[in-house]
Amino acid sequence: MKKLRICMVCDSLDLGGAETHVVTLAVRLAEMGHEVTVVSGGGRLVHTLLGVKHIVLPRFRKRALPRLFFSLSRIFRKGKYDVIHAHTRLSAFLCRLLAKKRLVVTAHWVFDASFPKKQLTAWGNETLAVSPDISDYLTDIYGCKKEHITVTVNGIDTERFFPQKQKTVMRRIVCCTRMDRDRADAAFALLEAIEALPTKDISLTLIGDGDRFEELKHRHEKLKARNPSLDVRLTGGVADVAPYLTDADIFVGVSRAALEAMAAGCATILAGNEGYLSIFSPHNAEEAEKSNFCCRGAEETTPKRLARDLLRLIRVSREELLFMGEENRRYVCSRYGVDRMAKDALAVYEKICKRQCVLCGYYGFHNVGDTLLARALTEHLKKEGYAHVLLLSKKLLSLRAFFALLHGYNLILGGGNLLQDATSRRSLQFYLFCTSLARRVEIYGGLGPLSFTGEARVKKLLTRAEYVHARTTGDLVYAKRLGASRVRLSADTVLALPFPKKEKGEDILLAFHSPSVRDEPAIIAFTLSLCRTFGCEHLCIFSMHPDDKSFAKRLALLCRIEHEMGDCDAFLSRLAKCRAVFASRLHAGVCALGTEIPFFLWKGDQKCCFFIEDLKSTVKDADFCALFSYNDRITELPKADGIKKAKDHMRNRI
């Protein structure tokens, strides 16, 4: 998978399930080789961002929206991120105008949809929902389209949360939640329920802080005054809850905290502000999954229900309690691993990154080879996942394409050897300018020839290109020599096109560049020798580019052979009636291979040499193709033995 530049944005990295989700996902993606940056208002979880760059924006806490907006704009512009991933309502609202159609939003909870909050809420170009009921909520309340919502999970780091149970009669009960008005019902219910339990051999630890913590502390003091023998502790906010869960026996809570406790091998009671699902087991697993273990829609959490289920768990044997914990851990490892969460996110990122691209090349000049390339690459990119391919050609050289590049479209540099300065330095300057506008660049095709100055300029592009798809081994070696780190051996995408069925014919097709004054006599002499050997009536010269037309006409008159000119379909149709091809244009040879016709390519062109060398190294005894010079005298044509095998091999590389 390609290395992505990802920026995650959230209000803070303080204690909480959503914040832990952000940290866990960011760290895992960084471990997978992606470049991850987290932008937040800071908090107690910042130190856990191992291998992840963190940018602190204190204005998130102050809600200074105009200054926040401009700060984020500067960060995004400098970072050139492939994906912006927002995790809160405020961050999604701010990023909506800055993400340039690359915004992913994770819905961690069901938000208040009253006016005007509903109208100011943004769900991005793609949305990740942490449970099926949140996905339904987004569709029903906000009108989000199902095809743009992906249901993911709260991935749990099972290497951090693992069982370390002590074999004692003591039953350790833990509750971890925010002590806020909309979260703390289970903690208050536990303080009441604990008095109905036997005081011997049980302990209760309440983890978390919030706006109701002082009230909880006051209740705790009253409880201790009434019953000093009770072992009940308040820890306040804790950045790392893993040590408390690894040796706990019973957990009470919801959401991510419940999943972490299950991974740590705790028997778990699902209880929270939104409902009560009793002791977790395979029987209520499906119901728990629907609400991301938040118990939405279940019966109310009460001290009586908690006391009943706690008493049941306290009375079971140590072995049975450990078995319940082991089953819970197996369940979390199989369904709620960090890798599952990271893969879900990456699938959405890839979908976002491949939504649109600009295909840039030497298109619109009526060159048969480049027209075929445009057709083949457009089809190839759509199969790769791009929904919208905008062609940048002579006819479409408009502000629209440059505007698209500035607004997040990928640039696909596809064509022949676009990165060369042998024929023109201006064309190289143009393509390098286009790449400077794009966030992500991929290169298809060949390289060179380049001057020393040209190599230095192209080297900078190759080092930042996402991928270089070299169509021959020669191009691969050259690209690596120039410093391309992400380069793979591919093949000319024209070979992926459907070619017309080969017909029985005796004609020989010629396709020559318009030559220099020095080479012109040699080409005429070479063509005359072909006429003497195979007969003028069997030779046909095809002009693959308008610049070739003038010379082709003169050559046809001098040698009394047929001359044709037309679009790519006319060329392929004419090629299917031939038995051999002689050409100085590379795509005449590529199309001959696709049609399974023997061919000769001119050795004076670097592209042709690389192509023939690649075929010779691919298939043993590849006599169906060869290089020629204008001084050669050809007396017989090669057979097509092995050409189908070579064609299939090259197609498999695309």
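Let's start in an open space: sorted by class, the residues lining the second largest pocket are 17 nonpolar, 19 polar and eight charged. Here Ala, Val, Leu, Ile, Met, Phe, Trp, Tyr, Cys and Pro count as nonpolar, Asp, Glu, Lys and Arg as charged, and the others, Gly among them, as polar. Before you click on, know that this is a predicted model, where local features need pLDDT of at least 70, side-chain atom pairs count only at pLDDT 80 or more, and totals for chains, interfaces and linings use all residues. Residues are numbered from 1 along each chain as its sequence is written, and side-chain values use heavy atoms, with hydrogens and water left out.

**Stop 1: the second largest pocket**

Select Q420, T423, H513, R585 and K607, the closest to the pocket's centre among its 44 lining residues. The volume here is about 1200 Å³. A pocket is an open set of points on a 1 Å grid over the protein atoms alone, with protein on both sides within 12 Å along at least five of seven lines; a cavity is a set where a 1.4 Å probe fits but cannot get out; lining residues have an atom within 4 Å of a point. Grid points are joined across faces, edges and corners, and a volume is the space filled by probe spheres set on the points.

Now colour the helices α15 (368–383), α17 (425–437), α23 (586–595) and α24 (606–618), each of which supplies at least two lining residues. Which helix gives the most to this lining? That is α17, with three residues. Helices (H or I, at least four residues) and strands (E, at least two) are DSSP runs, numbered from the N terminus.

**Stop 2: the cavities**

Rolling a probe the size of a water molecule over the atoms shows where empty space is left. In this structure there are four cavities of 30 Å³ or more.

For the largest, with about 60 Å³ of space, select L373, L377, G415, Y444, G445, H469, R471, S490, A491, D492 and T493. Both α15 and β17 (441–445) supply at least two residues of that lining. Its classes come out as four nonpolar, five polar and two charged.

Next, pick N417, R471, T472, D475, L586, K607, F610 and F611, which line the second largest cavity. Its volume is about 40 Å³. Helix α24 provides the largest share of this lining, three residues. By class there are three nonpolar, two polar and three charged residues.

**Stop 3: helix α19**

Select residues 473–481, helix α19, and highlight its buried residues: G474, D475, L476, Y478 and A479. Buried means under 20% relative accessible area, exposed over 50%, and partly exposed in between (1.4 Å probe, protein chains only). What lies over these buried residues? The cover includes α18 (452–464), β18 (467–470), β19 (487–489) and α24. Step just past α19 to find G483, which takes a positive phi of about 100°.

**Stop 4: strand β23**

Select residues 578–583 for β23, where five of the six residues are buried. On one pairing, β20 (residues 507–511) joins β23 in the parallel sense over five bridges; two strands pair if DSSP finds at least two bridges between them. Look for A511 opposite A583. Then show β24 (residues 599–602), which runs parallel to β23 and is joined to it by three bridges. In β24, A583 has L601 as its bridge partner.

**Stop 5: strand β8 and its partners**

Jump to residues 171–176, strand β8, which is mostly covered, with five of six residues buried. Bring up β9 (residues 202–207), paired with β8 in the parallel sense over six bridges.

**Last stop: T205**

Back in β9, select T205. Is T205 buried or exposed? T205 is buried, with a relative accessible area of 9%. Leaving out residues up to four places away in sequence, T205 touches I173, V174, C175, R233, T235 and Y244, where contact means heavy atoms within 4.5 Å.
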